Amino acid sequence: MRQAGKILYMILAMVICMVPSVGMIFRPTTETSENKEMAAWPSVTEDGSWNENYLEEAGEYFDDHFAFRPELVASDARIRGELFGVSSSDQVILGRDGWLYYEATSNDYLRQTQISDRAIYNIAHNVALMQQYVESQGSQFLFTVTPNKNSLYGEYMPYYYRQTALASNAERLKPYLEQEGVHYLDLFELFEDQEEILYLKRDSHWNNKGALLAYNAMMDQVRQPHDTYEDTPYTIDDTYIGDLNSMLYPVGAIPEENQVYDLPQNYAYVTDTRSVEDSWIQTINPQASGSLLMYRDSFGNTLLPFVSNAWENAWYSQYTPYSIQLDMESCLPDTVIVERVERHLTALGQNPPYMESPQAVPAGTEMVADTQTTVSVSDAGSFYGIQGILDDSVTSEDCRIYVRCTDGAGNVRTMEAFPVTRIEGSRASDYGYQCYIRKESVSTGSCTMEILVESQGTLTKVQTWNSEF
């Protein structure tokens, strides 16, 4: 009898273990709430030969598609969370009192991954060069950084996430923006002044009331006539399930409350828009005036209904790097707003805006130095890209980098390059540069490029390079 019980137990265990794999025949998992793309079934061959990674890729496919995956993932998350107080997802932090945070924001919160002062300068200066171009076209410019949730409401983070006493990268950036003369809206200060919690507890974004606060501040800053919606009634949606909630609990997630404003939709979509998450959206509102080009991220999803009601024409882009020159030539906006979430700030110092580098007249008596500054030329669509890394011997925190091009016809152009953090092989440096020159700006044929560095009143030619356009 005891032997029969053991055999029955073994059979039952085997059946339970087989359910996820055998169940794929009848009910495979086809959708995911996680922030990733589901694996595709691998090919046995690759480039005419055996795919050496076939078994590994097949395992990845199974991990994403096994039967009842959402139910099993949610059950695992609930057991780990309620019994052990830990998250089952490497993308979600389980905070106190039911709060959830996005793991990708933990470095900013802990303030342990500090970028260099030069990297901070690169971000600020690139934004300033964007603003310079926008204003040269007769438009106004506004830059703002959306705080990570735990930067505002860190008291609900797990106790073992201990911050250092250092300033965050976003805090360090502000004085650099002021020094560069960037028109900046400080959303950190705005939200910290509010007594009410204006971010969602189980989502990585602000709630609709927080979006309304940010919207009014942006419209005030650019002096755009708008409805403040202060007296607009709203209802409470107590069925809202946010992004982190869905990632941790694909089924059976506990909903939370969010405000739903009774807004008139005075605007209409011009683009074939399926969702406010679309990468490129255009709206029109004949009852309003002015035109807006807004570079935004997912925090712009809840801004869009408010903002679209305030502008006759509005364009919203989530594409990066920002194709600001081509977009402005196409849309002709009178206002440009750049909204960037805190956790993605560093990308502004790595991937500068996609636009022709501004022409410049460097100051100082020109000197020549023999350095190992690197130069390369690439085809960048509508532009030629000229990029490289300065030799360490000619760097200083606020040095400016210029590229002087002399084409085959003898035409000379001097442009200020975007300062960037750049990787070449095994070398990474915050003293990289990226210069774009429009293809029609140079004559076809040979071109001589000279890299110049301006620092502390001295102008030094650090490299010369010949190339073919």
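**Exercise 1.** Determine how helix α5 and helix α12 pack against each other.

Step 1. Helix α5 covers residues 117–136 and helix α12 covers residues 324–331; they pack at an angle of about 20°, and their axes are 11 Å apart. Axes are lines fitted to C-alpha atoms, for helices over the stretch in contact, and angles run from 0 to 180 degrees between N-to-C directions. Helices (H or I, at least four residues) and strands (E, at least two) are DSSP runs, numbered from the N terminus.

Step 2. The angle makes α5 roughly parallel to α12. Angles under 35 degrees count as roughly parallel, over 145 as roughly antiparallel, 65 to 115 as roughly perpendicular and the rest as oblique.

Step 3. On the α5 side, M130, Y133 and V134 meet I324, Q325, M328 and E329 of α12; contact means heavy atoms within 4.5 Å.

The model is predicted: local features need pLDDT of at least 70, side-chain atom pairs count only at pLDDT 80 or more, and totals for chains, interfaces and linings use all residues. Residues are numbered from 1 along each chain as its sequence is written, and side-chain values use heavy atoms, with hydrogens and water left out.

**Exercise 2.** Determine how helix α9 is oriented relative to helix α11.

Step 1. Helix α9 (residues 208–221) and helix α11 (residues 300–308) pack at about 50°, with axes 9 Å apart.

Step 2. This angle makes α9 oblique to α11.

Step 3. From α9, the contact involves N208, A211, L212, A214, Y215, M218 and M219; from α11, it involves T302, L303, F306 and V307.

**Exercise 3.** Is Q259 buried or exposed, and which residues is Q259 in contact with?

Step 1. Q259 belongs to strand β8, residues 256–261.

Step 2. Q259 has a relative accessible area of 9% and is therefore buried. Buried means under 20% relative accessible area, exposed over 50%, partly exposed in between (1.4 Å probe, protein chains only).

Step 3. With neighbours within four places in sequence left aside, Q259 is in contact with N207, N208, K209, Y234, T235 and I236. The Q259 side chain reaches the backbone nitrogen of K209 at 3.1 Å.

**Exercise 4.** Describe the surroundings of T335.

Step 1. T335 lies in strand β13, residues 335–341, and is buried, with a relative accessible area of 0%.

Step 2. Residues up to four places away in sequence not counted, T335 touches S139, Q140, V222, S291, L292, L293 and W311.

Methods:
Polar contact = N/O pair within 3.5 Å; in protein donor to acceptor, adjacent residues only side chain to side chain.
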